Amino acid sequence: MTAQRLPRTPKRLDAIPGRSAHDEQNLAMIVSLASEVTILRARLDACERLLIAANIFSPHAVDTFSPDPAAQQAREHMRLHSMNKIFRPLQEAALADLAVLSQPADPETQL
Amino acid sequence: MSGIVEARAAQAHSMIALPTHDELVEQLFVRDLKLFVAQTLEPVQQQIATRLEATIPPQSTNDPVAALRGQMEEVESFKTWLSLKRETQRQLWAAVEDCVERQADELEALARIENPKGSLTIDPDFKAPAYITHGDIHLMPGGNAYDDGSLLQGAVMDRGGAVYMLGRNGGMLNDLRGQTAMAHLLTIAPDLEPARILDMGCGIGTSTVPAAQCFPQAEVHGIDVGGSMLRYAHARAEHLGAAIHFSRQNAEKTSFADASFDVVYSCATLHETSPEALVNILAESRRLLRPGGMAIHLEVPLLHTFGDLWQELSAELEAQYNNEPNWRGALSVDYGQLMRAAGFTDVRTGYQATAFNARTAPKKFGDTSDGVFRSWFVTSGKV
């Protein structure tokens with residue numbers, strides 16, 4: 001990892017009316033993720049094209065690839081891992097709502 | 001898509017930071033996201049603005065842009081669009097900084113030039129004016145005057161500038177404004193053979209090199225507030241074969257003698273200053289010119305040429321959220337009046353057709369804009 005030598009945060013970022021800091025943070029993270037996915041896909045595409053050019057596999061090898069049972073299991077695990085990672089905030093929010101609704105009623109606040 | 005393309009061979013000019021595969025894709029992502037924001041999302045906001053504008057009674061306000069802005073700020077998608085637009089700019093600099101930092105040592109080595117044709121003078125006690133230090137122009141972290149003793153900020157501005165302009169200003173050379181300023185000179189004074197030329201607010205010299213190319217016999221100078229940028233400008237010009245003398249100076253009051261230049265020009269500098277500095281820079285360009293000399297100041301299209309309220313609001317937002325300190329001031333003044341007040345004669349204001357090569361470009365100058373990037377606003381005057 002290269003050490004950062006240059007500043008990364010610009011001086012003066014005027015607030016946009018109606019946008020919270022939280023909104024801005026979320027948007028910045030989404031854009032960064034979209035950037036990473038775009039880079040990843042381009043890199044994968046470069047790998048495929050290089051492998052085809054080197055006659056390592058045929059042009060349709062990826063699209064016609066059929067994983068064996070062990071590979072299928074491993075890939076299912078990867079997909080599940082991704083789901084849990086990406087949608088964790090939704091699960092946490094739902095669990096928090098459930099926890100509130102599941103608390104026994106407080107007799108002092110009951111009429 | 002001209003300019004930046006996904007081919008490493010097309011990325012090269014002498015000093016520019018070269019991206020890896022992943023860095024180039026990241027920069028292209030930023031470029032494409034900027035285009036998406038401008039060409040897909042913004043037209044919808046423009047349509048919303050048109051509908052809201054129709055609900056504002058004509059007599060109800062003296063400031064229709066502010067009235068429209070107030071209405072738009074109630075629209076959720078407008079705020080998201082504005083946030084995303086700014087975030088693309090932040091992503092741009094982050095992507096380019098990674099690319100530059102990775103090859104910092106190579107760039108510094110390239111900048112060590114044995115027998116330079118030009119020169120570099122950095123005043124260590126230089127104080128940048130407030131309009132530069134108040135906020136980082138174009139959101140470039142550290143700002144234009146940043147100086148850590150290296151040339152890295154200049155390298156960031158070079159590569160970032162080419163991505164920022166979406167390749168529409170001469171690809172990786174980013175030099176069409178300088179070519180256009182020289183084309184204007186050849187349009188209005190074809191017989192002038194300048195011996196000394198000064199570029200005010202030269203940055204990394206993208207607009208200065210065209211002057212040296214167009215007038216190879218002339219002694220060409222470039223001044224700017226940024227130490228890192230000037231170090232890079234010097235190395236870049238040397239690698240491009242241009243003999244240019246760079247110095248760190250404030251364009252409002254330079255150290256040059258009275259009547260010491262034949263041509264003084266600036267390219268998109270005035271909107272990055274202040275209303276007071278703009279007047280001072282015009283006066284300084286007048287002071288520096290010999291009798292018969294020409295001043296040329298090139299800018300982005302003036303606000304009244306945009307033609308509708310949304311374009312004015314969009315420009316105002318660009319100024320505020322992209323830190324353009326004198327956008328409204330520089331794009332709404334009466335340049336003819338200011339140039340005459342500064343003492344110039346034969347004052348011209350209008351639009352010069354964008355030149356890819358000042359010598360061979362059509363010498364087209366007139367009252368109307370051909371559109372952004374197809375022509376540039378220019379004011380010029382003679383001493």
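**Close-up views of a predicted two-chain model**

**View 1. The sheet of chain B.** An open sheet of nine strands with mixed pairing runs in the order β1-β4-β3-β2-β5-β6-β9-β7-β8 (chain B). Strands here are DSSP runs of E with at least two residues, helices are runs of H or I with at least four residues, and both are numbered from the N terminus. Two strands pair if DSSP finds at least two bridges between them. At the edges stand β1 (119-121) and β8 of chain B, each with a single partner strand, so one side of each has no neighbour in the sheet. This is a predicted model, in which local features need pLDDT of at least 70 and side-chain atom pairs count only at pLDDT 80 or more, while totals for chains, interfaces and linings use all residues. Residues are numbered from 1 along each chain as its sequence is written, and chains are lettered from A and ligands numbered from 1 in the order in which they are written.

View 2. Three bridges join β1(B) to strand β4 (residues 244-248) of chain B, and the two run parallel. T121(B) has S247(B) in β4(B) as its bridge partner.

**View 3. Strand β9(B) and its neighbours.** Seven of the eight residues of β9(B) are buried, so this strand is largely enclosed by the rest of the structure. A residue is buried if 20 or more other C-beta atoms lie within 10 Å of its own, exposed if 12 or fewer do, and partly exposed in between, with C-beta atoms placed from the backbone. Strand β6 (residues 289-299) of chain B pairs with β9(B) in the antiparallel sense over six bridges, and here I296(B) stands opposite S380(B). Strand β7 (residues 345-353) of chain B is also antiparallel to β9 (residues 375-382) of chain B, with seven bridges between them. In that pairing G350(B) has V378(B) as its bridge partner, and Q352(B) stands opposite W376(B). In a regular strand the side chains alternate between the two faces of the sheet.

View 4. Two bridges join β7(B) to strand β8 (residues 365-366) of chain B, which run antiparallel. G366(B) in β8(B) is the bridge partner of Y351(B).

**View 5. The surroundings of H184(B).** H184(B) lies in helix α7 (residues 176-188) of chain B. H184(B) is buried, with 28 other C-beta atoms within 10 Å. Not counting residues up to four places away in sequence, H184(B) touches I296(B), Q352(B), F365(B), V378(B) and S380(B); two residues are in contact if their C-beta atoms, placed from the backbone, lie within 7 Å. The C-alpha atoms of H184(B) and K363(B) are separated by 7.1 Å, although these residues are 179 residues apart along the chain.

**View 6. The nonpolar cores.** A nonpolar core is a set of buried Ala, Val, Leu, Ile, Met, Phe, Trp, Tyr and Cys residues joined through C-beta atoms within 7 Å. The largest such core has 90 residues, and V96(B), A155(B), V156(B), Y232(B), A233(B), V264(B) and I296(B) have the most contacts inside it. This core draws at least three residues from each of domain 1 (8-112 + 147-162) and domain 2 (173-382) of chain B; the bounds come from an automatic or database domain assignment. Leaving aside neighbours within four places in sequence, V264(B) is in contact with L198(B), M200(B), S285(B), L288(B), L289(B) and A295(B). A second, separate core of nine residues includes M72(B), F78(B), W310(B) and L313(B).

**View 7. Where the two domains of chain B meet.** The centres of domain 1 and domain 2 of chain B, taken over C-alpha atoms, are separated by 23 Å. The contact takes 28 residues from domain 1 of chain B and 24 residues from domain 2 of chain B. On the domain 1 side, the elements that give two or more residues are α1 (21-53), α2 (64-72), α3 (76-102) and α6 (152-164) of chain B. The largest share of that side, eight residues, comes from α6(B).

**View 8. Chain A.** Chain A has three helices and zero strands. Its radius of gyration, taken over C-alpha atoms, is 24 Å, well over the 13 Å that the globule rule gives for 111 residues, so chain A is more spread out than a compact globule. The globule rule is 2.2 Å times the number of residues to the power 0.38. Buried residues make up 3% of the 111 residues in chain A.
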